[in-house]
Amino acid sequence: MKRTIFIGLSGILYFAVSLALFMPFRMKPIENYNLFALPLFAAAFLFLLYKACTVKKDTRGYLYGYFAGILMWQLLGETASLKVPAGAILQFSDMNIKLLGGYFYALAGWTLLYMLWKLKMLNSRAAYAFVIFLGIWSFELYMDNYSSRLPLYMMGMVANAIMVVSLVATIVVLVMAKRTTSIERKTVLGGVFYIILNILLSASGPWKLPQSFYLKYEIPALQQELIDTQRELDHIRQLQMQMIYLK
């Protein structure tokens with residue numbers, strides 16, 4: 001059980017450290033910051049995924065897969081769509097998978113992963129990395145969208161209900177980790193414990209009220225989206241006028 005707890009807490013610790021890495025994106029964006037951040041996360045993710053699939057011991061392979069899944073989220077779910085105010089590349093992708101409609105792709109990811117797993121077409125360690133990635137994605141979808149869309153009077157009730165369920169799930173995972181003698185299973189359960197612990201910590205505090213951090217720092221991003229949308233609308237109108245004159 002100690003191994004499971006240690007692995008879960010190590011993910012939480014890394015998450016706390018990575019917050020500092022993303023602060024320039026969120027609070028005071030630095031010009032061309034993403035040109036340094038994206039290659040860093042991409043190199044780290046590819047290295048960890050490669051090691052997960054090639055090391056001989058399953059215990060080490062699953063551990064590499066665990067952190068590869070975390071880095072995969074920070075690469076695809078965070079860095080690619082975050083904007084900097086100026087630079088050679090303002091953002092690498094304008095598709096933000098954390099938006100409300102992202103649930104479709106998350107469900108598709110879980111479905112495809114399950115099918116590939118059942119058909120034995122995917123390396124078990126790589127599959128574990130994708131489980132961690134999809135688990136974080138599902139968690140982030142609620143955190144960034146559904147929790148803030150609830151009526152204010154319901155947020156506390158829903159958060160308490162989620163907290164109770166996640167607490168029960170935490171106990172179940174720890175009991176399973178204590179009863180098993182397999183180090184590989186303890187390692188895998190560590191990743192599950194990490195996801196559930198994230199949900200438990202969020203439901204016990206941040207999800208009970210709108211998150212002040214996002215309310216403060218997401219406004220400039222939304223204002224920029226409005227400006228970009230208006231520019232696109234103006235461009236379409238110009239094209240319509242040009243087509244009318246051509247006729």
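Read along the sequence, the protein chain runs α-α-α-α-α-α-α-α. That comes to 8 helices and 0 strands; helices (H or I, at least four residues) and strands (E, at least two) are DSSP runs, numbered from the N terminus. The model is predicted: local features need pLDDT of at least 70, side-chain atom pairs count only at pLDDT 80 or more, and totals for chains, interfaces and linings use all residues. Residues are numbered from 1 along each chain as its sequence is written, and side-chain values use heavy atoms, with hydrogens and water left out.

**Whole chain**
- The C-alpha trace spans about 75 × 45 × 35 Å along its principal axes.
- Of the 247 residues, 37% count as buried (under 20% relative accessible area, 1.4 Å probe, protein chains only).
- Among contacts (heavy atoms within 4.5 Å) with a separation of 6 or more, 77% join residues 24 or more positions apart.

**Helix 2 and helix 3**
- The axes of helix 2 (residues 33-54) and helix 3 (residues 58-78) come within 8 Å and cross at roughly 155°; axes are lines fitted to C-alpha atoms over the stretch in contact, and angles run from 0 to 180 degrees between N-to-C directions.
- Helix 2 is therefore roughly antiparallel to helix 3 (over 145 degrees).
- Helix 2 contributes L38, F41, A42, A44, F45, L48, L49, K51 and A52 to the contact, and helix 3 contributes G61, Y64, G65, F67, A68, L71, M72, Q74 and L75.
- These contact residues divide into 14 nonpolar, 3 polar and 1 charged (Ala, Val, Leu, Ile, Met, Phe, Trp, Tyr, Cys and Pro are nonpolar; Asp, Glu, Lys and Arg charged; the others, Gly among them, polar).

Definitions and conventions:
Parallel < 35°, antiparallel > 145°, perpendicular 65-115°, else oblique. Buried < 20%, exposed > 50% of the residue type's maximum accessible area, 1.4 Å probe, protein only.
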